[in-house]
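Please open the model in a viewer and keep the selection panel at hand.

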Amino acid sequence: MSKSRVYVTYPLGDNILALLREQYEVVINPEERSLSTEELIEQARGFDAVLIVSAQVNEDVCRALASDCKIFANYGVGYNNIDVEAATKYGIYVSNTPDVLTDATADFAFALLLSAARRVVESDSYVRAGKKNWGPMNLIGTQVSGKTIGILGGGRIGKAVAKRAQGFNMRILYTDQRPNPDFEAETGGIFADKNTLLSESDFVSVHVPLLPSTRHLIGAEELGLMKSSAILINDSRGPIIDEQALVTALREGVIAGAGLDVFEFEPELAPGLAELPNVVLAPHVASSTTEARVAMGELCARNIFAVLGGGTPITCVNPEVGVKA
Ligand code: 8YV
């Protein structure tokens, strides 16, 4: 019997695709960029499964690939790049990669927080520029330990950030759809409404998925509620913050700083953002550790095994596909 065929939409390392290759014929888009709708349809047509790495999957893609494709295995926990409703309509499973990247993403939120608070990037440039002299007023930052952190979103990654904050002896506030007893028992976090959290926190870290209801969750009004000494961190999804409003707030001292791994119009930056000294920027690398990347690849592979073996994905976003079948 011929092997099933899996299409991968972006080049990934051999270590990441090893498990998939053991079972299937794997074809990889060699170009290091996201495919357009037309390219994705043309290249992935006829494959039994597609491993989606950052590509947009809209209804046209679902319709065009439905005759052969049984699963879109998304290489990421966030799946706002996929029209899940359309995939479900065409009987295609969608899976994501929760849990395996939680620690990496929470670590990176703290890396951004510490970098912004303690001016790590500026310090690095300072030393590289040959200005090695110590001075009592040099590169003064703001202390992290003992401060209040506000975590928007009490899910897996929000909780992991809170656990790290405990190690810094921080007071932890969090928002969620409702109070979460597990979150509170494991982290000592206190449930708060968004406005209270924004006005009482020294650091605000965003950990919600991108949904119509979370787009621009932080805009000019919300930034205005924050302390002028506060630092905003985002390694979830860019459009959750109104980036132009953030540039204005950072420029005018409405808040003190920001650490951003994601951008509203990724990979473009809002005009003026890159010129600001009080922001630390990263190119969407929060889950970029060898450990997380390999585990994400393995989870995609296991989801594909499950579906091509006649079952349901392990981390399934639209289990109703199986019910309809
Ligand atoms: C991925 C991410 O790198 O998991 C997510 O939601 O943002 C990242 O881990 C990104 O989805 C690209 O595949």
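Two residues are in contact if their C-beta atoms, placed from the backbone, lie within 7 Å. The model is a predicted one: local features need pLDDT of at least 70 and side-chain atom pairs count only at pLDDT 80 or more, while totals for chains, interfaces and linings use all residues. Residues are numbered from 1 along each chain as its sequence is written.

**Stop 1: the two domains**

Colour residues 5–99 + 290–324 as domain 1 and residues 102–281 as domain 2; the bounds come from an automatic or database domain assignment. Taken over C-alpha atoms, the centres of domain 1 and domain 2 are separated by 31 Å. Across the boundary, five residues of domain 1 are in contact with six residues of domain 2. On the side of domain 1 that touches domain 2, the residues divide into two nonpolar, two polar and one charged. Here Ala, Val, Leu, Ile, Met, Phe, Trp, Tyr, Cys and Pro count as nonpolar, Asp, Glu, Lys and Arg as charged, and the others, Gly among them, as polar.

**Stop 2: the annotated spans**

UniProt positions are given in the numbering used here, feature names are shortened, and annotations may be inferred rather than shown by experiment. Select residues 8–318, which an unreviewed UniProt entry annotates as "domain: D-isomer specific 2-hydroxyacid dehydrogenase catalytic". This span is 38% helix and 14% strand, with its end C-alpha atoms 21 Å apart. Helices (H or I, at least four residues) and strands (E, at least two) are DSSP runs, numbered from the N terminus. Next select residues 110–286, listed by UniProt (unreviewed entry) as "domain: D-isomer specific 2-hydroxyacid dehydrogenase NAD-binding". Residues 110–286 are 33% helix and 15% strand, and the end C-alpha atoms lie 10 Å apart.

**Stop 3: the five-stranded sheet**

Display the open sheet of five strands, ordered E2-E1-E3-E4-E5 with parallel pairing; two strands pair if DSSP finds at least two bridges between them. Its edge strands, each pairing on one side only, are E2 (25–28) and E5 (93–95). From one strand to the next the twist averages 20°. Within the sheet, E3 (residues 49–52) and E4 (residues 71–74) run parallel and are joined by four bridges. Ala49 stands opposite Ile71 in E4. Axes are lines fitted to C-alpha atoms, for helices over the stretch in contact, and angles run from 0 to 180 degrees between N-to-C directions.

**Stop 4**

A residue is buried if 20 or more other C-beta atoms lie within 10 Å of its own, exposed if 12 or fewer, and partly exposed in between. Five bridges join E7 to the parallel strand E6 (residues 148–152), and Arg171 in E7 is the bridge partner of Thr148. Four bridges link E9 (residues 203–206) to E10 in the parallel sense, with Ser205 opposite Ile233 in E10.

**Stop 5: Ile241**

Is Ile241 buried or exposed? Ile241 counts as buried because 26 C-beta neighbours lie inside 10 Å. Ile241 is found in the loop between E10 (231–234) and helix H11 (243–251). Leaving aside neighbours within four places in sequence, Ile241 is in contact with Val206, Ile218, Asn234, Leu246 and Glu264. A distance label from Ile241 to Val280, 39 residues apart along the chain, gives 15 Å between C-alpha atoms.

**Stop 6: backbone details in the loops**

Select Pro267, in the loop between E11 (257–260) and E12. The peptide bond from Glu266 to Pro267 is cis, with omega near 5°. Continue to His216, in the loop between E9 and helix H10 (220–225). Phi of His216 is near 55°, a positive value in a residue other than glycine, and His216 counts as partly exposed because it has 15 C-beta neighbours inside 10 Å. Finish at His284, in the loop between E12 and H12. Phi of His284 is positive, near 55°, and His284, with 17 C-beta neighbours inside 10 Å, counts as partly exposed.
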